[in-house]
Amino acid sequence: MSIIESMGKKKPRRPSRSLAQKFKAEIVGLCRRGDRSVGQVAKDFELTETAVRGWVKQAKVDAGERNGLTSSEREELAALRRENRRLLEEVDVLKRGIASFTKETR
């Protein structure tokens, strides 16, 4: 396969993994200790550097060292967005039901 042929093809994505919070905390601890760089820790544990940097950033937010939404605030926001989406769908169903009912009664 030539370089030009391979340029059009996307690199297959790594399947996503759900990692335990304890494992993430240990990885963040290794990075924050300063013995190894974030890139080296990511490479050693076969993780993406972007993911590890995100975990470190979120740990700083949770510890109050950086501005942003804490993990619990993020969870609450996600739950509120899910509920809002569900309620909007219910309202839409009710509107359609009322519109259908008013057409039948005319």
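Among contacts in the protein chain (heavy atoms within 4.5 Å) between residues at least 6 apart in sequence, 36% join residues at least 24 apart. The model is predicted: local features need pLDDT of at least 70, side-chain atom pairs count only at pLDDT 80 or more, and totals for chains, interfaces and linings use all residues. Residues are numbered from 1 along each chain as its sequence is written, and side-chain values use heavy atoms, with hydrogens and water left out.

Start with the whole chain in cartoon view. There are five helices and zero strands, where helices (H or I, at least four residues) and strands (E, at least two) are DSSP runs numbered from the N terminus. The order from the N terminus is α-α-α-α-α. Of the 106 residues, 13% count as buried; buried means under 20% relative accessible area, exposed over 50%, and partly exposed in between (1.4 Å probe, protein chains only).

Next, select residues 49–62, which are helix 4. Helix 4 has 14 residues and reaches 20 Å from its first C-alpha to its last, close to the 20 Å expected at 1.5 Å a residue. The expected span is 1.5 Å times one less than the number of residues. Within helix 4, the buried residues are Val52, Trp55, Val56, Gln58, Ala59 and Val61. Their cover includes helix 2, helix 3 and helix 5 (71–105).

Axes are lines fitted to C-alpha atoms, for helices over the stretch in contact, and angles run from 0 to 180 degrees between N-to-C directions. The two helices are therefore roughly perpendicular, a label for angles of 65 to 115 degrees. Show side chains at the contact: Lys24, Ile27, Val28, Cys31 and Arg32 come from helix 2, and Val52, Trp55, Val56, Ala59 and Lys60 from helix 4.

Now pick out Val56. Leaving aside residues up to four places away in sequence, Val56 touches Val28, Cys31 and Arg32.

Which residues make up the largest nonpolar core? Select Ile27, Val28, Leu30, Cys31, Val38, Val41, Ala42, Leu47, Val52, Trp55, Val56 and Ala59, twelve residues. A nonpolar core is a set of buried Ala, Val, Leu, Ile, Met, Phe, Trp, Tyr and Cys residues joined through side-chain atoms within 4.5 Å. Helix 2, helix 3 (38–44) and helix 4 each supply at least two residues of this core.

Go back to helix 4 and select Gln58, which lies in it. Is Gln58 buried or exposed? Gln58 is buried, with a relative accessible area of 17%. Not counting residues up to four places away in sequence, Gln58 touches Leu69, Thr70, Ser71 and Arg74.

Two backbone stops remain. Glu46 lies in the loop between helix 3 and helix 4, and its phi is near 55°, a positive value in a residue other than glycine. At 58% relative accessibility, Glu46 counts as exposed. Finally, select Gly64, which follows helix 4 and has a positive phi, near 85°.

Conventions: Parallel < 35°, antiparallel > 145°, perpendicular 65-115°, else oblique.
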